[in-house]
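Open the structure in your viewer and keep the selection tool at hand. Each stop below says what to select and what is there.

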Amino acid sequence: MTGKILCKTGADLVNATDPELVKFIGEIYYGLFRGGKIRQCGLGGRRSKFTRFFLISLSLSCQSAHHLQFPTHVSSDSVTKGLQDKLNTQGLVLGVYSSEKDGGAAQFTSAGDAFDTLVSGKLRELLTLCGPPLKKGKTRIFHGLHQDFPSVVVVGLGKKNAGVNDQENWNEGKENIRAAIAVGCRQIQDLEIPCVEVDPCGDAQSAAEGAVLGLHEYNELKQKKKPIVTPQLHGSAESKAWQKGVTYAEGQNLARYLMEAPANYITPIKFAEQIEQKLRSFSNVKVHIRPESWITTEQMGAFLSVAKGSAEPPIFLEIHYLGAANTNDSPLVFVGKGVTFDSGGISLKPSSGMDAMRADMGGAATVCSAIVTAAALNLPLNIIGLAPLCENMPSGKANKPGDVVRAKNGKTIQVDNTDAEGRLLLADALCYAHNFNARAIVNAATLTGAMDVALGSAATGVFTNSSWLWTHLYEASILTGDRVWRMPLFEHYTKQVTDCPLADVSNVGKYSRAGGACTAAAFLKEFVTAPHWAHLDIAGVMSNKDEVPYLRKGMAGRPTRTLVEFAARLSRDSHNAK
Ligand code: BES
Ligand code: ZN
Ligand code: ZN
């Protein structure tokens, strides 16, 4: 069958020989009027007498597939189908502020305004027609408004002038953008559209974070996966800020990925290898994967006592990122709890919900991901990352309640509850962290269920001996929306862990559950002499149900972006180095 594809101007594009070829040309044709000028097209393995042909860009008035005309003897079905497939490749997410006064007209962002002008005011018209003003986080979808964007999602951004809310301790404008863009991008994903352009909404970093965080899902091990959607900045302004947001969000997604993955996939050695692989391309990063023999030489008796209960060998992961102009500058030292599975050990946890303890390496995941992100951003400071990695399992070799073990600094610890294992790993890692003349030592750990009881998922609990450090963490968290809240390190709690029958310190407070997050922090303090140390208890923020609207249900990777932002601030604060 021979046919011709004509555009509405009547211009003759090419002669085609069979329906398959016609369809193929249709696809190319669509690509052409999206951007090309003259294209020479090869037909690859397709059976045809044409092996090459040219498509010449005309000043096309074609608006969509429907404007292509076919001679009656050519079935246009295959052409329109092919073309339609292509037409559905691009979505657009645009923000709209709620109007200042009730019933007032929607306020578009500048990208929204520009698009509305492009479609001769049709967007505003439809938005008014289709219902009440768009509330914050709500969406409307419009199809066929413009050839370049067959599907446009408009999302409510809330108030235009939203900024730092000092009751909420975060920047509400940024949070609104993250939430709205995440919802919009997921709508595009539901429509199985592979590319989405995103309105920067005046803050391209937040928009990128919303898009990249909002689309992330762990489906590594499923045969049927959600379609992949690639978000891109709409327009060319703010591309640096957009890229920064993508990098921040990808950092958090790396932590989410490591935390979500099953414990039989992310064992201590697999965790270390994943991080090593992520850092391989950076010439200013060194990764040491320390084996059990090294841990023994370092006399990390508390860490080893937990690890010996499992068949999986422990690893001590040590990362050196040298980003400062002077490689001898004092580093920021990050330490992360890396329990790749916490069964509780002999003090076994109840089986219901135990699977969530695959994320008990969230401290290690967030600090290591923050370093990967710092390296990607090329932050001008030195960072050392330390992650003691092991499993906490019951076995004939496991710690028993009442056992006494010796930490690296010589202190003896009575293991009254084998489920309070995180502090045992951290005791040794914190001692080791003192070898580096650190500017600050910051550890992160899914340490206590009590932290979740205290604050839930609203904020990470920060226990620190340094108001300077606190201020930096706090200010960073206002920007990222991944909040921190200061918790006490009173002597009151110290007494409850040092009053111990057999050893220098007990691994649980003597009033067991009371102030559990605080007694755990007081325990850690026994292994710290550095003047600027902060312990982040991230147990409450470990996972997300629906509290953070721009994160899907699952392991949250919090507070990776706050750690990155904190490191970025510290790198700018180098002249007042503490
Ligand atoms: N990994 C857990 C803490 C945890 C609980 C993290 C829930 C995330 C969600 C930790 O090792 C633990 O089990 N802590 C005990 C301490 C107790 C025995 C003093 C706890 O919180 O119950
Ligand atoms: Zn535990
Ligand atoms: Zn644990």
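What arrangement do the 6 donor atoms around the zinc ion (ligand 3) make? Select that ion to start. Keep in mind that this is a predicted model.

**Stop 1: the zinc ion (ligand 3)**

Show the side chains of Lys337, Asp342, Asp360 and Glu421, which coordinate the zinc ion (ligand 3) at 2.0 to 2.4 Å. The donor atoms are NZ of Lys337, OD of Asp342, OD of Asp360 and OE of Glu421. The arrangement is octahedral, because the 6 donor atoms subtend angles of 76 to 174°. For reference, six ideal octahedral donors would give angles of 90 or 180 degrees.

Along the chain, the donors of the zinc ion (ligand 3) follow the spacing K-x4-D-x17-D-x60-E. Two of them, Lys337 and Asp360, are 23 residues apart and link distant parts of the chain. Lys337 is in the loop between strand E15 (332–336) and E16, while Asp360 is in the loop between E16 and helix H11 (362–377).

Are Lys337 and Asp360 buried or exposed? Lys337 is buried, at 1% relative accessibility. Asp360 is buried as well, with a relative accessible area of 1%.

**Stop 2: the zinc ion (ligand 2)**

Now select the zinc ion (ligand 2), which lies 3.2 Å from the zinc ion (ligand 3). Asp342 bridges the two ions. Which residues coordinate the zinc ion (ligand 2)? They are Asp342 (OD), Asp419 (O and OD) and Glu421 (OE), at 2.0 to 2.2 Å.

The 6 donor atoms here subtend angles of 71 to 169°, so the arrangement is irregular. The spacing of the donors along the chain is D-x76-D-x1-E. Asp342 lies in strand E16 (residues 338–342), and Glu421 in the loop between strand E19 (412–415) and helix H12 (422–433), so this pair ties together parts that are 79 residues apart in sequence.

Asp342 is buried, with a relative accessible area of 2%, and Glu421 is buried at 0% relative accessibility.

**Stop 3: an annotated span**

Select residues 417–424. An unreviewed UniProt entry lists this span as "domain: Cytosol aminopeptidase".

**Stop 4: an open sheet**

Switch to a cartoon view and select E18, E19 and E23. These 3 strands form an open sheet in the order E18-E19-E23, with mixed pairing. Why is one side of E18 and of E23 left without a neighbour in the sheet? Strand E18 (403–406) and strand E23 (505–506) stand at the edges, and each has a single partner strand, so one side of each has no neighbour there.

In general, strands of a sheet pair through backbone hydrogen bonds, either parallel or antiparallel. E19 and E23 pair in the parallel sense, over 2 bridges. To see a bridge, select Gln414, whose bridge partner in E23 is Ser506.

**Stop 5: the largest pocket**

Return to a surface view for the largest pocket, whose volume is about 1000 Å³. Of its 38 lining residues, the closest to the centre are Lys349, Asp419, Thr448, Gly449 and Ala450.

Which helix gives the largest share of the lining? It is H13, with 4 residues. H12, helix H13 (449–455) and helix H16 (516–525) each supply at least two lining residues.

**Stop 6: three backbone details**

Select Arg558 and Pro559. A cis peptide bond joins these two residues, with omega at about 0°. Pro559 lies in the loop between strand E26 (554–555) and helix H17 (560–572).

Next, select Ser120, in the loop between helix H3 (110–118) and helix H4 (122–129). Ser120 is not a glycine, yet its phi is positive, about 55°. Ser120 is exposed, with a relative accessible area of 67%.

End at Cys201, in the loop between strand E11 (195–198) and helix H6 (204–215). Phi of Cys201 is also positive, near 55°. At 5% relative accessibility, Cys201 is buried.

How values were computed:
Residues numbered from 1 in each chain as written. Chains lettered and ligands numbered in written order. Predicted model: local features only at pLDDT ≥ 70, side-chain atom pairs only at ≥ 80, totals over all residues. Heavy atoms only, no water. UniProt positions renumbered as here; feature names shortened; annotations may be inferred. Donors = N, O, S within 2.8 Å, 3.2 Å for Na, K, Ca; no water. Tetrahedral: all angles 85-135°; square planar, octahedral: opposite > 155°, others 65-115°. Buried < 20%, exposed > 50% of the residue type's maximum accessible area, 1.4 Å probe, protein only. Pairing = 2+ DSSP bridges. 1 Å grid on protein atoms, 1.4 Å probe; cavity = no way out; pocket = protein on both sides within 12 Å on 5 of 7 lines; lining within 4 Å. Points joined across faces, edges and corners; volume = space filled by probe spheres on them.
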